[in-house]
Amino acid sequence: MPKKRHISLKDLAKELGVSVSTVSRALNDSYEIGPEMRERVKALAEEWNYRPNPFALSLLKNTPRIIGIIVPDIVTHFYSSIISGINDVARKNEYSVIITSSYEQYEQEVHCVEDLVNMRVEGILACLSQETTDYAHFLSLEDMDIPLVFFDRVCLTNTIPSVVADNKESARVATCHLLESGSKRVAFLGGSDHLAIVQQRRDGYVEALKEYGLPVEDDLIVCKKMTYEEGREGCNRLLSLPQPPDAILAMNDTLAFAAMKEIKKHQLCIPADIALIGYTDELHSNYVEPALTAVTHQTYKMGEECCNLLLKQIKKREKPRQIVVPTHLSVRETSRKNMNTVGIPSSLV
């Protein structure tokens, strides 16, 4: 047996003294290959623990059956759960997936598209990076007849199918919860203004304030990049106001954790002094102290929905549509002012 990590058709063919095509046909029970040769090939393949390469096989058949995925960040539970949903649907439909990451950078995102095209994917699922404002690299896919579906952070929704969370409604519900729990000055800690997802969640926040007859104060809305350091800076700006907020709705959990750090630094209690809600509900939300109230996404379902949508586009192009996946608010300690009026001192966190 050759000392190789992966056994190829070529290795089997060389050992048996036959052509690669003969080995391939034998493994696929072709009538062109006699029963004796089929048995010899299969026996050697089993002995050497041969595993077919789905990418190589698909290219031989000129039917790639590969789906490309572009995410801004691979390491978070949010995106890994979406990828799990995509992968499960893809495998059931005999597709393989290739995962790439833009690392929240526009230039890297462009390279991801180019790489996936060069790999001859049949379709692409993409979530925008925070830097992306030019969509030419995505629009070029239409000229190459490669279907595209956006998820979570989306654009061009009139022409490209997408799967999103109920961003506006979830932000409205979260803000209403803070107001119902006793907060009177709720701030919004968001991300880059050009992203539709930021605009929609901010709109939901504003709608809730209007429902309660409260003014919309520009000083209480801070929209910058969705990074930990930007979150700390934004929260510090809010806490430095002459009339600081007594609650913060953060665009995602990264910003929420950053705000939590800054609140503690100012020796304030959560939620007595400032209540806090995050988004996406990463696993850490349950483990920080106090536990973070967060808008919980059905991430696995989002993955399933966007993969199913892409497969439909691959089989038959349909008019672009958007699927909205509902969220729910997971209420924990950071927003329970009425149930915990004392709060948790920073020294104990």
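Helices (H or I, at least four residues) and strands (E, at least two) are taken here as DSSP runs, numbered from the N terminus. The model is predicted, so local features need pLDDT of at least 70 and side-chain atom pairs count only at pLDDT 80 or more, while totals for chains, interfaces and linings use all residues. Residues are numbered from 1 along each chain as its sequence is written, and side-chain values use heavy atoms, with hydrogens and water left out.

**Overall form**

The protein chain has 12 helices and 12 strands. Its radius of gyration is 26 Å, well over the 20 Å that the globule rule gives for 349 residues, so the chain is more spread out than a compact globule. That radius is taken over C-alpha atoms, and the rule is 2.2 Å times the number of residues to the power 0.38. Along the principal axes, the C-alpha atoms fill a box of roughly 85 × 45 × 30 Å. Buried residues make up 52% of the 349, where buried means under 20% relative accessible area, exposed over 50% and partly exposed in between (1.4 Å probe, protein chains only).

**Pockets**

A pocket is an open set of points on a 1 Å grid over the protein atoms alone, where a 1.4 Å probe fits, with protein on both sides within 12 Å along at least five of seven lines; lining residues have an atom within 4 Å of a point. Grid points are joined across faces, edges and corners, and a volume is the space filled by probe spheres set on the points.

| Largest | about 420 Å³ | 8 nonpolar, 7 polar, 7 charged residues |

The largest pocket is lined by 22 residues, with T76, Y79, R153, N252 and T254 closest to its centre. At least two lining residues come from each of α5 (77–92), α9 (196–211) and α11 (253–265); α11 gives the most, with 3. In the second largest pocket, 14 residues form the lining, and E142, T159, I160, P161 and R317 lie nearest the centre. Here α7 provides the largest share, 4 residues.

**Q130**

Q130 sits in the loop between β3 (123–126) and α7 (136–143). Q130 is buried, with a relative accessible area of 5%. Beyond its neighbours within four places in sequence, Q130 contacts (heavy atoms within 4.5 Å) E104, R153, S192, H194, L195, K225 and M226.

How values were computed: Ala, Val, Leu, Ile, Met, Phe, Trp, Tyr, Cys and Pro count as nonpolar, Asp, Glu, Lys and Arg as charged, and the others, Gly among them, as polar.
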